Amino acid sequence: MVARRAAFQESDALPISVSVDSLLDPSAFGDLETGKSDSWLRRLRRALQPALRGHPRLLELDLWRCLALALALCALAALGGMAWLWQARAQAEATSAAAAIDVLDARLDEINAQAKRLAADVAEVTAAAGEGPCPHALTQRLLRSSLDGLLVRRWWLQSEAGTVSCGPEGASAALDLAPAPEGRLTLMSRRSIGAELLAVRPLGGSQFIVALLDPRALALPQQGPWQTDGATGERITLHAADGRPLQVWSRDGAAGPREALLQAHQASARHGMAVGVTVDRAGLWADWRRQLPGLLAAALLCSGGIAAWAWRQAVRRARLVHRLEHALHKRQFEPWVQPIVDLGSGRCVGGEVLMRWVHPQRGIVPPGEFIEVAEQTGLISGMSQLVMTRAAHRLAPLARQHRQLYFSFNLTPDELRAPLIAQTLAELFNPETLPREQVLLELTEREIVDPAAQGALAALHRAGWRIAIDDFGTGHSSLALLERLPIQRLKIDRAFVASIGGRSASRPVLDAIIGLARELDIGLIAEGVETQDQWDYLAARGVGSAQGYLMARPMPLPAFEQWLAGQSPATADSSAPGTTTAAPLPEHELQALWQRMRSTGGLDIRDRMYHLRSYRQCFVAREAVDWMVRELGVSRAEAVRIGRRMVALGWVHHVLDEHDFDDAELFFSAAVQSQAAPVSPPVDDLRQALRALDGGVPLRTYRRGLLVHRRCASGRRVVDWLVARHEVSRDTAVQWAAQLMRQGMLRHVFDDRAFRDDGTLFRPA
């Protein structure tokens, strides 16, 4: 609820915005592209320019750094893919070895069972036939077992220390075998014939049974659970108990030794054998090449996502709406007043409350830079609510001293359509702040055409609020609405006032508006009065009041109070008809109360720690409410209102400037006003410094992260130049540079940082 039209009532601050079109001009890129051919990089930048025109800064992605990031991510993806492939293959080969062991154990279990049965038959036959190296009955039994088995071609019985073995053909020379563990079926090869696999099972009495295995007994098919899908260069090796290789299965059929880069080993828990799985260099490289396209696609997608995120964050920081959201969060909007004077007597009759953005680095930001965006995004309602609250409390003493004054506030369309607008206004303007008799609500013609708005206007009029139409003559309202709606004031738009010249006899449209208001008995306020001719023309035609640069520019509330005191003596007319009684707690009593709260026995004001952050000399709002309830005997709601008055008057503030006073666990501290005036050169020197800065300090192209910032200078370079040119200390140069920012001649590339003597980038505005 504050003046949207304040955008046209700016102070005499220097312009601080940079033309986007001028920034997009290729000549603004500096000498980076001077004399170069129309390269693909330049063509790409030119193609991106239309997308940049909606942003308040020229934002560019550094294409070379984005390319370097993409290449780095591709390299990392390749290395990560190789590491992942190595781990995956190692796990797969371990699984293959375990699966192969399970298959081989099952087959050896069957052979071991046959060996047990044969051992029982051997013991029975040996006991019946008596002693002998190779009884006939034993030979027949070994022959029958050799013919019946599918996995074993031949069985032998041999003594561990003997020189003769007994087989299906009878006695023969003993087999040259390695010692076998007791109680286990062990695989080994004949030392004379390495291709033959033998299974040896010790028996009691220093004897053991030997089985010559069929070549297909332990054969593993090419496909099975022991093979990795799509794997190449894989070899499965069957090992004996002593580690010697017994049999090899190669996936690609290649024979001969190959360099193994990766291997897995699995030993049998029941039998004397083990399985080893190896993968050679060629197999790993083949798998890596097969996975490479997917890895590169993921890396490029990741790099594109990072670049898009960086661009989005940069655009968000550069957009005005982001800075406005932050400013509203930090409560950086303050009320200013432009006086309204009577054209007959020249005395002040009121003032229009305007909004100013008090930027922590740039100082006062004129409304023309942000009002339109605030209206489009809906932030204007919160900004207006903040400004109106502060103005209502800070203007209350002045309004009680000058009962003839009124103050006008603009309502936004969203606020006017709000169902609780009457209740909100009643809470803001009350006997403790500004009484509604001294408040004028302004709306534009666009708003009163809406039927819902007309109903809200009628309700506000019935509640005792006075209504004015702002910028009259520039909208499209029906003149019949002026007779039907409760309108007390018409504000003549500055465009009609500006048409008044020294040689102008009359202005038909302006005269028609004046005559219409006279016929409808509606008061008139002329906006934008800047010359004596305009004053005389309006006064001669009976216009009651005016505001404009001829009388006074918009000013802060303390300056307005001084201006008003210099114009006429203060008059306190408490007996004037229609006035309200004094506030229950006058300002001097409120100040005394604040002193009591700060003294011994008052609030617990001390250093506090919250979330590992220290806050100096603050108190808790809820404890302050408890104290006021206990000491003053007021309700908690009344105590909260007192605390909010203190905040609005600037005596206390939230430690982070993010909250109004409330009955909650919030930290507040006393406002500290610095008395030291900043050291700064004259304004002419500042202007000269800016011109020299633009032509003296080298404005370069900087690349920070993935972004390119053109025609900028670091804070350190600016300070170095000021020190060298003016022969001042670095501290003084930093203060001068900060003054350049407050004058609107220097600004951070994202407009969200204070001046610092480091590598932070700034550009002349």
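In what order do the four strands of the open sheet lie?

## Sheet

The order is β22-β23-β25-β24, with antiparallel pairing (two strands pair if DSSP finds at least two bridges between them; strands are DSSP runs of E of at least two residues and helices runs of H or I of at least four, numbered from the N terminus). β22 (606–610) and β24 (652–654) are the edge strands, each with a single partner, so one side of each lacks a neighbour in the sheet. On average, neighbouring strands are turned by 55° against each other, direction ignored (axes are lines fitted to C-alpha atoms, for helices over the stretch in contact; angles run from 0 to 180 degrees between N-to-C directions).

Three bridges join β24 to the antiparallel strand β25 (residues 667–670). His-654 stands opposite Phe-668 in β25. Helix α20 (residues 621–632) lies across β22, β23 (613–620) and β25, at about 15° to β23 (contact means heavy atoms within 4.5 Å).

## Model basis

This is a predicted model: local features need pLDDT of at least 70, side-chain atom pairs count only at pLDDT 80 or more, and totals for chains, interfaces and linings use all residues. Residues are numbered from 1 along each chain as its sequence is written, and side-chain values use heavy atoms, with hydrogens and water left out.

## Salt bridges

The count is 24 salt bridges (a side-chain nitrogen of Lys or Arg within 4 Å of a carboxyl oxygen of Asp or Glu). Glu-623 and Arg-608 form one of them, at 3.7 Å, N to O. Glu-623 lies in helix α20 and Arg-608 in strand β22, so the pair ties together parts 15 residues apart in sequence. Arg-608 is buried, at 8% relative accessible area, while Glu-623 is partly exposed, at 35% (buried means under 20%, exposed over 50%, partly exposed in between; 1.4 Å probe, protein chains only).
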